[in-house]
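Hello,

Here is the structure I promised to pass on to you. Have a look at it first, and then read on for what turned up in it.

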Amino acid sequence: MPDLLNDASNALTRTPLFRGKATALTVAKIRHIETIADTSTRVFTDEFASSMYPGSCVVDCLGHDLVVKKFNDAIPGLYALLVARTRLFDDEVLKAISNGATQLVILGAGFDMRGYRLALGRVSAFEVDQPLVQNDKKKRIADLALGKRAEHVVHVPVDFTTTTLAEGLAKCEAFDPTKRTVFIMEGLTQYIPKEATAATLASIDKLSGPGSTLLVSYVDERFFSDAAKCCGEGFPVAKAESMLPAVAKAGEPWIAGFGARAGFAQFLGANSSFKPTMDASIDELNERIYGPVGRSVPPAAMLLCERFVVAAKPG
């Protein structure tokens, strides 16, 4: 049994994190891992995440603590960073809905199940992604008992090589560009040229009503030249420095970063009317996200390469 456990653990962490659809699959895996944490220390629950990636039974067998240790052995801080991002964006979606938003648009939705697991009420959720990815997801959710949760989720297939976001949503009769809407761009901007991000922000601006909310993550540009500046005190910097070569080798290179706070705010303002109300990483969110469940991320485990932005459209 010890050998079997060790072999399963190693197989789990040998799986490339960023190859092909692996980024989306890794996010689903992390959400499942957090879901099997003890209820008293759990940050969020995603009851559908285990159906979104292969090998979830191995995670169930190994348990939360051991799998998190394996993640941290490979890339310290990645697990805590993505858990915090998920919970922050969950909270901000629900906050925007309580303030009157009636639509949720998830760009590059992948295997994100927010449209099904969050208490959206009568809010319509539009999942925008490549047709092949959406077809894969539809197969994965076909056997889930989604019931009425699926009634308000709309799949918007967009081949971004031939179609713009505006053109894709224009074909969707249920979408209303004049309504107060929540847009999510989670874990996307580092993979696409800045020009593409600028164009997407401009489209979001035109496709959203006054009072809309934008949730977007980005990589601190310092991570590309001096990773140590994006790590907590005592963090193993060599591990952070290994990330960029690893994602490039796996075929999903990070190609774009932005200046923290002021730099991204300027970029956002140049391409839209949205104004940041929050721009934070895990060090600033540690107490908010982990404090209520009695957990804390020590500085030596803080990977600060990615920042999370909440932005509002005037009106």
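This is a predicted model: local features need pLDDT of at least 70, side-chain atom pairs count only at pLDDT 80 or more; totals for chains, interfaces and linings use all residues.

Two residues are in contact here when they have heavy atoms within 4.5 Å of each other.

L88 is found in helix 5. Its relative accessible area is 0%, and because anything under 20% counts as buried, L88 is buried. The C-alpha atoms of L88 and P157 are separated by 26 Å, although the two residues are 69 apart along the chain.

Helix 5 itself, residues 78–98, has 21 residues and reaches 30 Å from its first C-alpha to its last, close to the 30 Å expected at 1.5 Å a residue. Of those 21 residues, 16 are buried, so helix 5 is largely enclosed by the rest of the structure. Just after helix 5 comes G100, with a positive phi of about 115°.

Now to the protein as a whole. It has 13 helices and 7 strands. The C-alpha trace spans about 60 × 45 × 40 Å along its principal axes. For 315 residues, a compact globule would have a radius of gyration near 20 Å, and the 19 Å of this protein agrees with that. Of the 315 residues, 52% count as buried. If you take contacts between residues at least 6 apart in sequence, 78% of them join residues at least 24 apart.

Rolling a probe the size of a water molecule over the atoms shows where empty space is left. The largest pocket has a volume of about 1,200 Å³. It is lined by 48 residues, and the closest to its centre are L107, G108, G187, L188 and Y191. By type, the lining divides into 27 nonpolar, 13 polar and 8 charged residues.

Which elements each supply at least two residues of that lining? They are helix 2, helix 5, strand 1 (103–107), strand 4 (181–185) and helix 9 (194–206). Helix 2 gives the most, with 7 residues.

Helix 2 covers residues 22–35, and its 14 residues reach 20 Å from first C-alpha to last, close to the 20 Å expected at 1.5 Å a residue. Helix 2 is also mostly covered, with 13 of its 14 residues buried.

- V297 sits in the loop between helix 13 (282–290) and strand 7 (306–312). Its relative accessible area is 8%, so V297 is buried. Apart from its neighbours within four places in sequence, V297 is in contact with A80, I282, N286, Y290 and M302. V297 and R222 are 75 residues apart in sequence and 22 Å apart in space, C-alpha to C-alpha.

- R261 lies in the loop between helix 11 (243–249) and helix 12 (262–271). Most residues other than glycine have a negative phi. R261 is not a glycine, yet it has a positive phi of about 60°. With a relative accessible area of 42%, R261 is partly exposed.

- A142 is found in the loop between helix 7 (131–141) and strand 3 (153–157). Is A142 buried or exposed? At 57% relative accessibility, A142 counts as exposed. A142 and G251 are 109 residues apart in sequence, and their C-alpha atoms are 29 Å apart in space.

That is everything for now.

How values were computed:
Residues are numbered from 1 along each chain as its sequence is written. Side-chain values use heavy atoms; hydrogens and water are left out. Helices (H or I, at least four residues) and strands (E, at least two) are DSSP runs, numbered from the N terminus. The expected span of a helix is 1.5 Å times one less than its number of residues. Buried means under 20% relative accessible area, exposed over 50%, partly exposed in between (1.4 Å probe, protein chains only). On a 1 Å grid over the protein atoms alone, a cavity is a set of points where a 1.4 Å probe fits but cannot get out, and a pocket is an open set with protein on both sides within 12 Å along at least five of seven lines; lining residues have an atom within 4 Å of a point. Grid points are joined across faces, edges and corners, and a volume is the space filled by probe spheres set on the points. Ala, Val, Leu, Ile, Met, Phe, Trp, Tyr, Cys and Pro count as nonpolar, Asp, Glu, Lys and Arg as charged, and the others, Gly among them, as polar. The radius of gyration is taken over C-alpha atoms; the globule rule is 2.2 Å times the number of residues to the power 0.38.
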